[in-house]
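This report describes selected local features of one protein chain. The sequence and structure are shown first.

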Amino acid sequence: MKKEILVTYEETLSKTVTLTINDEEDIVTQVRQAYQNEQVVLSATDLQNSQFLIDTPTVYDDWVEI
């Protein structure tokens, strides 16, 4: 028998970069601001992690990597 289930898919891009920061100011704020100012831009060529989560009354898996 066919039935509908809920499946959540997630893709995560990641990129390691070097930023020049002022060590007298809040680092988290500076890193966030660099991203918001588009100093760091993620694209489809960056490392990608894809995974899915199944959630039904009878099946609950943790995130599964594709």
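Glutamate 24 lies in the loop between strand S1 (6-14) and helix H1 (27-36); helices (H or I, at least four residues) and strands (E, at least two) are DSSP runs, numbered from the N terminus. The model is predicted, so local features need pLDDT of at least 70 and side-chain atom pairs count only at pLDDT 80 or more, while totals for chains, interfaces and linings use all residues. Residues are numbered from 1 along each chain as its sequence is written, and side-chain values use heavy atoms, with hydrogens and water left out.

On the surface, Asp23, Glu24, Glu25 and Asp26 gather in a patch of negative charge.

Ring centres within 6.5 Å make an aromatic pair, with planes under 30 degrees apart counted as stacked, over 60 as edge-to-face and the rest as tilted. The count comes to one aromatic pair. Tyrosine 9 and phenylalanine 52 form this tilted pair, at 6.2 Å centre to centre and 50 degrees between the planes. The pair links distant parts of the chain, 43 residues apart: tyrosine 9 is in strand S1 and phenylalanine 52 in strand S2 (residues 47-55).

Accessibility is classed as buried (under 20% relative accessible area), exposed (over 50%) or partly exposed (in between), with a 1.4 Å probe and protein chains only.

| Residue | Relative accessible area | Class |
|---|---|---|
| Glutamate 24 | 72% | exposed |
| Tyrosine 9 | 61% | exposed |
| Valine 31 | 38% | partly exposed |
| Phenylalanine 52 | 21% | partly exposed |

Valine 31 is found in helix H1.

Note on methods. Patches are made of residues with over 30% relative accessible area and no salt bridge: like charges are joined within 9 Å, nonpolar side chains (Val, Leu, Ile, Met, Phe, Trp, Tyr) within 5 Å. Accessible areas come from the Shrake-Rupley method with a 1.4 Å probe; for residues, only the protein chains shown count as cover. A salt bridge is a side-chain nitrogen of Lys or Arg within 4 Å of a carboxyl oxygen of Asp or Glu. Lys and Arg count as positive and Asp and Glu as negative; His and the chain ends are not counted. The place of a charge is taken as NZ of Lys, CZ of Arg, CG of Asp or CD of Glu. Rings of Phe, Tyr and Trp (its six-membered ring) pair if their centres lie within 6.5 Å; planes under 30 degrees apart count as stacked, over 60 as edge-to-face and the rest as tilted.
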